[in-house]
Amino acid sequence: MSKPLKQIHLAAHFPGVNNTTVWSDPRAGSNIEFSSFVHFAQTAERAKFDFLFLAEGLRLREQGGQIYDLDVVGRPDTFTVLAALAAVTEHLGLTGTINSTFNEPYEVARQFASLDHLSGGRSAWNVVTSWDAFTGENFRRGGFLPQEERYSRAKEFLAAANELFDSWHGDEILADQETGTFLRDAKAGAFVHTGQHFDIHGQFNVPRSPQGRPVIFQAGDSEEGREFAASEADAIFSRHATLEAGQAFYTDVKNRLAGYGRRHDQLLILPAATFTLADTDAEAEELAREVRRQQVSGATALKHLEFVWNRDLSSYDPDGPLPDIDPDVSDNHISKGRAQVRMYRDPLATAREWRELAAANNWSIRDLVIETGNRQNFIGSAETIARTINEFVQADASDGFILVPHITPTGLDEFADKVVPLLQEQGVFRTEYEGPTLRDHLGLAHPDDVRDERVAS
């Protein structure tokens, strides 16, 4: 007997200005004006996507001590944007990335519980940690935590936030006008949390929200990150978007769930994915090459090479050969606040590999950065992209995808109009929302039901 078709989950990542965005394209609009967020969110909702996803930037990045002027916009405050979008959407989930290193559980719990009320149960929290002291300089505590302490703090942060969410059970508000009794229990919201990172007590002042707790996302790929996701998260924001890598990651993380008393369907795997869509596959391939060259200008190529070389390479010709000098492996890095720095643990080995690739393919600096950097995950006609996405999901390489278009805010429009109807025709994507909350969209149980299930087992 063949297994039933899995239903595909789709979400939309508002890209802002980053290494996938082509802000110089004539079709591109603002990355900070509210009208851009409205268009993007309403397109995602029209296409019946599960949720909109906002990343977080807590500091402008630097290169050589100066603002990295190729992506300086940063990102406006997450809660402000999501709360405003709650008023112009009805069904779309609203997911925000909020840092657990520099915030406090009480404040974040209030913000997410409030967002869940304002949106009618559509909030989600992507729990992240900060990895660099450079970002920490913006905050009173400063510095940064070693990796094991970051995850220790994140786990306790989430545990404390959950205690705050659960401090209200949902039946405390009586609001009896005749007797003048508002609360059934004067101790509603009472909490005490004592741990390694937090020692707090009081009364939480936001009543139980429609979802009980926000949906929890996690984005770490380390061993600690995978365990954190398996133990705590409802969905994981993965970077593994090829079929083989996706299947390996999917199997690894799903197999960890049993150790925490959880079923496979209680954690969704949702890789980020870019796409290039055209009328034919050949046209899409040509467009994809053009987009990659738009994404990597000559200046961008040199900046990217500096991530590895850790030297000022502005005097080099981006259309010329790679530098013949070796990278500077000192701890004082030229790039501040960029995650790519962590990708190149051995810059000398990376330089050797890149020189070999460039020599074998006659690549310039810009060619190399284009070919070794970000590539579109799905390239082709609407039929090809719909078929490929479905193949990935049915082959357990993912449960769906968080799509990152390269144009803001209209980059999702064509996908919504051409690809989504094909997935609906195949019976693998919804034609209407199943319920009012994000948990309904994702097929996730209410936290109270999950707790009761664990107690019963």
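Q: How many cavities of 30 Å³ or more does a search of the whole structure find, and what makes a set of points a cavity?
A: The search turns up two. On a 1 Å grid over the protein atoms alone, a cavity is a set of points where a 1.4 Å probe fits but cannot get out. Before going on: this is a predicted model, where local features need pLDDT of at least 70 and side-chain atom pairs count only at pLDDT 80 or more, while totals for chains, interfaces and linings use all residues. Residues are numbered from 1 along each chain as its sequence is written, and side-chain values use heavy atoms, leaving out hydrogens and water.

Q: What volume does the largest cavity have, and which residues lie nearest its centre?
A: Its volume is about 70 Å³, counted as the space filled by probe spheres set on the grid points, which are joined across faces, edges and corners. The lining has 11 residues, with Phe14, Phe37, Leu54, Arg75 and Pro76 nearest the centre. A lining residue is one with an atom within 4 Å of a point.

Q: How do the residues of that lining divide into nonpolar, polar and charged?
A: There are six nonpolar, four polar and one charged. Here Ala, Val, Leu, Ile, Met, Phe, Trp, Tyr, Cys and Pro count as nonpolar, Asp, Glu, Lys and Arg as charged, and the others, Gly among them, as polar.

Q: How many aromatic pairs does the structure hold, and why is the pair of Phe14 and Phe40 given the name it has?
A: The structure holds 17 aromatic pairs. Rings of Phe, Tyr and Trp (its six-membered ring) pair if their centres lie within 6.5 Å, and planes under 30 degrees apart count as stacked, over 60 as edge-to-face and the rest as tilted. Phe14 and Phe40 have ring centres 5.3 Å apart and planes at 90 degrees, so this pair is edge-to-face.

Q: What makes Arg430 count as lying over the face of Phe429?
A: Arg430 is 5.7 Å from the ring centre. A charge sits over a ring if NZ of Lys or CZ of Arg is within 6 Å of the ring centre and within 35 degrees of the ring normal, so that distance passes.

Q: How do you know whether the 12 residues of helix H9 (residues 298–309) span what they should?
A: The expected span is 1.5 Å times one less than the number of residues. For H9 that should be 16 Å, and the end C-alpha atoms are 16 Å apart, which agrees.

Q: How many of the 12 residues of H9 are buried?
A: The count is 10, so H9 is largely enclosed by the rest of the structure. Among them are Leu302, His304, Phe307 and Trp309. Just after H9, Asn310 takes a positive phi of about 55 degrees.

Q: Which class do Asp396 and Ser398 fall into?
A: Asp396, with a relative accessible area of 26%, is partly exposed, whereas Ser398, at 0%, counts as buried. Asp396 is in the loop between H13 and S17, and that loop holds Ser398 as well.

Conventions:
On a 1 Å grid over the protein atoms alone, a cavity is a set of points where a 1.4 Å probe fits but cannot get out, and a pocket is an open set with protein on both sides within 12 Å along at least five of seven lines; lining residues have an atom within 4 Å of a point. Helices (H or I, at least four residues) and strands (E, at least two) are DSSP runs, numbered from the N terminus. Buried means under 20% relative accessible area, exposed over 50%, partly exposed in between (1.4 Å probe, protein chains only).
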